[in-house]
Every structure is written in C-alpha cells, then in structure tokens.
Amino acid sequence: WGPPAKVPADAADVVSSLVTEVQRVANAYEDVSKREEQMAQDLLLVQAQLFPLRKDNSRLSRENNSLHMRLIEAEETKDKASREAALSEQMAVHAREKAAY
C-alpha cells in the first residue's frame, strides 16, 4: 500500500461536503422508512375497520332494497284499490242513470 498520499486542501472540503450529504441522505432514508412502517400499520388498521363496514353496507343495501320494493307494492295496491273504487263509482252512477230512464 505505501505511505498515505497527501490530500489537497480543496479536496478536503469536497470530501467533507460528500460525507455531510451522505449523512443527510441516510437520515432522510431512515425517516422515510419509519413513515412507511407507520403507514403500513395504519393501512392494516383501516382495512380491519373497513371489513365490518362493508358487511354492514351490504346488509343495509339489501334492507333498503326490500323496503323500496314494499313501498312500490303498497303504492301499486293503493292505485289498484283507487281504480277499482273509481270503476265501482262509475258503474253505480251509470246504474242510477239507467234506472232513471
């Protein structure tokens, strides 16, 4: 190997800057790694909370659809009764008019 070579004075500044930059990047990487780990934990928590909500949403959707169908059926029944009542009234009016002649 031999004796160490003399380093020019301006090279020492460059080396110092490079060492500082490497330390900054290493610190930034460590921060990003910690944030990624925390985000992964948060994701697992949210996913665990989401499953029951999806299950409830499915149940509520089925219940809503069932109620909607019951409302439609009730409206159709009411409309049918109205039509039948109107027809009966018309028939009664017609019968009275016919009897009056």
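Lys 78 is partly exposed, at 49% relative accessibility (buried means under 20% relative accessible area, exposed over 50%, partly exposed in between, with a 1.4 Å probe and protein chains only). The model is predicted: local features need pLDDT of at least 70, side-chain atom pairs count only at pLDDT 80 or more, and totals for chains, interfaces and linings use all residues. Residues are numbered from 1 along each chain as its sequence is written, and side-chain values use heavy atoms, leaving out hydrogens and water.

Start with the partner of Lys 78. Lys 78 makes a salt bridge with Glu 75, with 3.4 Å between the closest N and O atoms (a salt bridge is a side-chain nitrogen of Lys or Arg within 4 Å of a carboxyl oxygen of Asp or Glu). Glu 75 is partly exposed too, at 40% relative accessibility. Side chains of opposite charge can pair when their charged atoms come close.

The structure holds four salt bridges. Among them is the pair Arg 59 and Glu 63, whose closest N and O atoms are 3.4 Å apart. Both residues lie in helix H1, four residues apart, about one turn of the helix. Arg 59 has 39% relative accessibility and counts as partly exposed. Glu 63 is partly exposed as well, at 41%.

Another of the salt bridges joins the side chains of Glu 30 and Lys 34, at 3.4 Å from N to O. Glu 30 and Lys 34 are four residues apart in helix H1, which covers residues 9-100, so about one helical turn lies between them. Glu 30 is partly exposed, with 42% relative accessibility.

Now the whole chain. The secondary structure comes to one helix and zero strands (helices, H or I, of at least four residues and strands, E, of at least two are DSSP runs, numbered from the N terminus). The radius of gyration is 42 Å, well over the 13 Å that the globule rule gives for 101 residues, so the protein is more spread out than a compact globule. That radius is taken over C-alpha atoms, and the rule is 2.2 Å times the number of residues to the power 0.38. Along its principal axes, the C-alpha trace spans about 140 × 25 × 20 Å.

How much of the protein is buried? Buried residues make up 0% of the 101 residues.
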